[in-house]
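Q: I'm new to this one and would like to learn how to read it. Could you walk me through it feature by feature?

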Amino acid sequence: MDKLLEIKDLHVSAQNKEILKGLNLSINRGEVHVIMGPNGAGKSTLANVILNNPQYTKISGKIRFEGENINELKTNEIAKKGIFMSFQSPEEIPGISTLNFLKYAKNKVSDEPVKSFKFRYLLKKYIDELNMNPKLIERNLNVGFSGGEKKKNEILQMLVLEPKLAILDETDSGLDVDAIRTVSKGINMYKNDTNAVLIITHNNKILENLDVDYVHILVDGKIVKTGKRELADEIEKNGYEKYKKVEEE
Amino acid sequence: MASKTKVEDINRNIYDIKDKDNYEFKIQKGLSREIVEEISKKKNEPEWMLDIRLKALEAYNKLELPTWGPDLSELKMDEIATYVKPKTNLNTSWDDVPEDIKNTFDRLGIPEAEKKSLAGVGAQYDSEVVYHSIKEDLIKQGVIYTDMETAVREYPEIVKEHFMKCVPITDHKFVALHAAVWSGGSFVYVPENVKLDIPLQSYFRLNSPESGQFEHTLIIVEKGASLHFIEGCSAPKYNKVNLHAGCVELYVKDDAYLRYSTIENWSKNMMNLNTKKAIVGKNAQIDWVTGSFGSKVSMLYPMSILNGEGAKTEYTGITFAGAGQNLDTGFKVIHNAPNTSSVVNSKSISKDGGACTYRALVRISEKAKGSKCSVSCESLMLDDISRSDTIPVNDIETDEVEFSHEAKIGKISDKEIFYLMSRGLSEEDAKAMIVRGFAYPVSKELPVEYAVEMNNLINIELEGSIG
Ligand SMILES: Nc1ncnc2c1ncn2[C@@H]1O[C@H](COP(=O)(O)OP(=O)(O)OP(=O)(O)O)[C@@H](O)[C@H]1O
Ligand SMILES: [Mg+2]
């Protein structure tokens with residue numbers, strides 16, 4: 001199998017509090033993974049740590065991407081290797097239009113200069129497919145965007161930047177039913193045999209139109225169960241009670 | 001990632017290119033009656049101007065150094081030459097300006113901007129204006145735009161009526177110094193109801209080491225007239241202190257409009273002790289847009305005096321202090337008539353131990369009923385060793401006003417940096433983008449070339465050369 005991401009026995013803390021407590025995860029090219037888990041379990045932490053957010057300290061464990069140890073790389077170097085994260089709450093950056101930012105970032109992660117014509121063509125297509133207001137990209141990056149607009153803008157960035165691994169941290173939260181469908185559509189547009197997606201969610205709705213390979217349950221800093229698609233449905237019905245109990249034993 | 005990025009002393013590229021100190025005449029260092037008389041004589045001035053100079057010198061000798069602001073002990077007047085005449089006279093064609101001086105202004109983009117977007121240009125090199133131009137059709141409409149020396153000769157009545165009247169020579173020690181040794185600067189007169197739709201620009205370049213620049217800018221915008229004036233300043237860096245003590249006097253008559261935009265980019269050995277004031281008439285408006293980047297020490301507090309009913313002023317300013325810089329700036333406004341209004345939007349950025357102080361004054365007199373004033377200052381500190389202070393003085397003598405003051409001091413957000421880095425930007429790129437965003441409300445008010453220049457300056461400051 002063609003391994004993309006491999007995390008082994010990862011322990012992570014922030015402000016002297018251990019959050020991830022021996023986490024293992026392996027993602028191959030072409031796969032769609034889902035992580036579910038109670039609030040505060042460490043899902044966003046995991047996404048942040050993969051991109052080496054300096055707020056978190058890795059105590060031990062390894063993160064490998066395409067076979068290379070990326071533990072010590074800077075966030076922008078990891079982005080350039082091909083990992084993307086859609087933020088649970090995207091930041092507002094005044095002073096640069098979304099359009100110019102997209103171009104700027106695309107050039108930063110690309111090895112060759114971006115072709116203007118192709119860039120515009122694809123951008124227009126993505127904006128159409130995501131049912132976004134074309135005027136939105138003329139506005140400053142996320143500034144004054146509604147919650148839903150920000151989330152769609154994250155998906156737009158994913159499509160434009162074409163990462164090898166896209167981590168989507170609750171991109172579906174706070175979206176209306178139509179917007180959730182649009183986001184799934186965006187994911188399907190992005191997805192192919194050579195890349196992979198890791199979806200962090202509390203909601204099965206987003207999975208409806210996706211071809212999910214694995215569902216992981218993350219409780220108290222560890223993945224306590226991995227299953228197929230049905231696991232998500234089971235959680236929807238019964239909640240995490242059972243898995244929390246396992247932890248306490 | 002944990003290791004702090006080291007940003008070295010910046011390369012200010014084009015601004016730092018020094019010309020040879022190739023003057024025609026440089027006055028002996030220091031300040032004395034003889035020196036003042038000699039400057040006046042060199043300029044062939046009328047008696048009345050020499051009188052003002054000598055009175056000012058007297059005032060200078062009596063006035064104390066300000067003690068409430070930055071440390072000025074490094075400034076030693078007996079090590080400063082107050083007058084340096086470049087090797088040329090005033091020219092009206094760039095072809096006549098000596099090669100080395102013309103090259104300097106070319107690098108700064110002045111002749112280029114003149115062709116594209118200006119109605120007139122003045123260029124001062126050390127103590128004298130070396131180039132002045134104005135569009136033919138403006139001359140026909142009675143607009144005057146020339147250097148101050150020419151104005152003293154050709155329009156003595158207007159100059160006498162306004163020179164050092166808006167800013168009295170006793171205002172503070174460096175105003176007195178300015179009036180004693182002033183040289184160069186621009187004079188603008190816009191007749192009633194004449195509206196200039198493209199700006200005039202004066203650029204002041206100080207090249208000579210251990211010297212001072214004391215240009216005087218006098219602008220009169222008559223009733224119902226309108227003008228956008230742009231001022232730019234820069235100097236290359238030397239090891240010893242240079243001094244800039246300019247003075248700007250602006251008269252905005254009833255129903256007139258003046259926009260005064262400035263980018264100051266002095267080198268970091270400059271003491272910038274500058275004074276700018278505007279007197280604003282009935283239903284008239286002055287807008288200040290200011291970017292202060294360079295200098296070792298700046299003390300600069302533009303003031304609007306709203307004397308006419310319904311007069312308005314807006315101030316939009318940004319200050320950027322890096323290592324070794326102490327920039328003490330702020331806006332002062334006097335509401336002296338009913339229904340006047342002022343809006344202040346000030347921003348400051350400090351890094352590498354730089355200090356920014358926003359020192360403001362709002363005075364609303366008894367007469368100014370129905371006036372409005374809103375002040376907002378925001379500071380951004382890029383690290384823990386930099387400083388930012390806000391020192392507002394509000395003196396409000398009537399209840400019938402709307403006044404609001406809002407101050408925010410913040411650090412650059414780690415979350416924003418992480419967000420941008422996750423999109424492939426380096427830490428320096430990310431910081432520069434955030435700082436440009438913070439500065440954006442100011443840069444968008446600047447003329448385009450200056451907005452671009454300001455963003456370049458931010459990039460230079462932040463991206464520097466990384467070890
Ligand atoms: N920078 C930080 N400093 C201190 N504590 C943190 C930090 N980030 C996260 N935590 C703590 O770590 C735990 C896990 O947080 P995390 O955001 O990863 O949870 P989550 O699984 O994404 O939850 P949710 O479903 O609510 O988004 C929480 O208790 C949180 O308070
Ligand atoms: Mg989360």
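A: On the chain A side, Asn76(A), Glu91(A) and Ile93(A) supply 23% of the area buried against chain B, more than any other three residues. Keep in mind that this is a predicted model, where local features need pLDDT of at least 70, side-chain atom pairs count only at pLDDT 80 or more, and totals for chains, interfaces and linings use all residues. Residues are numbered from 1 along each chain as its sequence is written, chains are lettered from A and ligands numbered from 1 in the order in which they are written, and side-chain values use heavy atoms, with hydrogens and water left out.

Q: How many residues does each chain bring to the contact?

A: Contact means heavy atoms within 4.5 Å. By that rule, chain A brings 33 residues and chain B brings 17 residues.

Q: How many salt bridges are there between chain A and chain B?

A: A salt bridge is a side-chain nitrogen of Lys or Arg within 4 Å of a carboxyl oxygen of Asp or Glu. Between chain A and chain B the count is two. Arg423(B) forms a salt bridge with Glu154(A), with the closest N and O atoms 2.6 Å apart. Over all chains, a search of the whole structure finds 43 salt bridges. Inside chain A, the side chains of Asp220(A) and Lys21(A) also meet in a salt bridge (2.8 Å, N to O). Asp220(A) lies in the loop between strands S11 (214–219) and S12 (222–227) of chain A and Lys21(A) in strand S2 of chain A, so the pair ties together parts that are 199 residues apart in sequence.

Q: What does strand S1 of chain A pair with?

A: Strands (E, at least two residues) are DSSP runs, numbered from the N terminus, and two of them pair if DSSP finds at least two bridges between them. S1 (residues 3–14) of chain A pairs with S2 (residues 17–28) of chain A in the antiparallel sense over nine bridges. They form a hairpin with two residues between them, and Gln15(A) in the turn has a positive phi of about 45°. Ala14(A) stands opposite Lys17(A) in S2(A).

Q: And which residues are the closest to ligand 1?

A: A residue counts as near a molecule if one of its heavy atoms lies within 4 Å of it. Ligand 1 is surrounded by 17 residues, the closest being Lys17(A), Gly40(A), Lys43(A), Thr45(A) and Tyr56(A). A nitrogen atom of ligand 1 is 2.8 Å from an N or O atom in the side chain of Tyr56(A).

Methods
Buried area is the accessible area (1.4 Å probe) that two parts lose on being put together, summed over both. Helices (H or I, at least four residues) and strands (E, at least two) are DSSP runs, numbered from the N terminus. A polar contact is a pair of N or O atoms within 3.5 Å; within protein, one must be able to donate a hydrogen and the other to accept it, and residues adjacent in sequence count only if both atoms are side-chain atoms.
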